[in-house]
Amino acid sequence: RSLAEKAQRRERNTRQPKEKLSGTKATITIQNYLGGNYYFTVDEIETKENEIRLIEGKHSKTNAFPSLEDIKDGLLKMLLYVNIEKLIFENRIYCPTAVLKLTVENGFNPENLTSSNKKLLDVLDKEAEVNHFQLVIQ
């Protein structure tokens, strides 16, 4: 667990030059009912009143859509984040909202998608609806 915590600290201070993110990067420690701690880094957080948005960003520099492997990684984090019951940030309790943010280097254009990417986008929309997270595409 100490290695995971150290990795979390390193990731917190790392900026991926290819990511198109505008918010603040933050660490998040998820504690289960048995007292286990799991250390993650959130690409962006945004707060507004009593809501905090936990944003996982995936980016494509050369393709019309981020890779399936990147998206799967983002979905795993969405499944964790939507199950957070209570989130404390800077000594305040917030209602968390999980957000999967997909970005493309020169802006997202649905006309540039392949038929398989269009199907993937439809599946992602359904996944977001069923699992109660937001999907943002830019």
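**Figure 1. Secondary structure of the chain.** The predicted model contains three helices and six strands, assigned as DSSP runs (helices, H or I, of at least four residues; strands, E, of at least two) and numbered from the N terminus. Along the sequence, these elements follow the pattern α-β-β-β-α-β-β-α-β. Of the 138 residues, 33% are buried (buried, under 20% relative accessible area; exposed, over 50%; partly exposed, in between; 1.4 Å probe, protein chains only). Among contacts (heavy atoms within 4.5 Å) with a separation of 6 or more, 61% join residues 24 or more positions apart. Residues are numbered from 1 along each chain as its sequence is written. As this is a predicted model, local features need pLDDT of at least 70 and side-chain atom pairs count only at pLDDT 80 or more, whereas totals for chains, interfaces and linings use all residues; side-chain values use heavy atoms, with hydrogens and water left out.

Figure 2. Ile71, Gly74, Leu75, Lys77, Met78 and Tyr81 of H2 are buried. These residues lie on the same side of H2 because they cover an arc of only 165 degrees around the axis, taken from the directions from the helix axis to the C-beta atoms. The face turned away from this buried side bears the exposed residues Glu69 and Leu76. Cover for the buried residues of H2 includes strands E1 (24-31), E2 (37-48), E3 (51-60) and E5 (92-104), together with helix H3 (115-131).

**Figure 3. The largest nonpolar core.** This core has 24 residues, and Ile28, Leu54, Phe65 and Tyr81 have the most contacts inside it. A nonpolar core is a set of buried Ala, Val, Leu, Ile, Met, Phe, Trp, Tyr and Cys residues joined through side-chain atoms within 4.5 Å. Two or more residues come from each of E1, E2, E3, H2, E5 and H3.

**Figure 4. Aromatic pairs.** There are two aromatic pairs (ring centres of Phe, Tyr or Trp, its six-membered ring, within 6.5 Å; planes under 30 degrees apart, stacked; over 60, edge-to-face; the rest, tilted). The rings of Phe65 and Phe108 are tilted, with centres 6.2 Å apart and planes at 50 degrees. Phe65 lies in the loop between E3 and H2 and Phe108 in the loop between E5 and H3, 43 residues apart. Phe65 is buried at 3% relative accessibility, whereas Phe108 is partly exposed at 23%. Phe89 and Tyr94 form a tilted pair, 6.2 Å centre to centre with 55 degrees between the planes.
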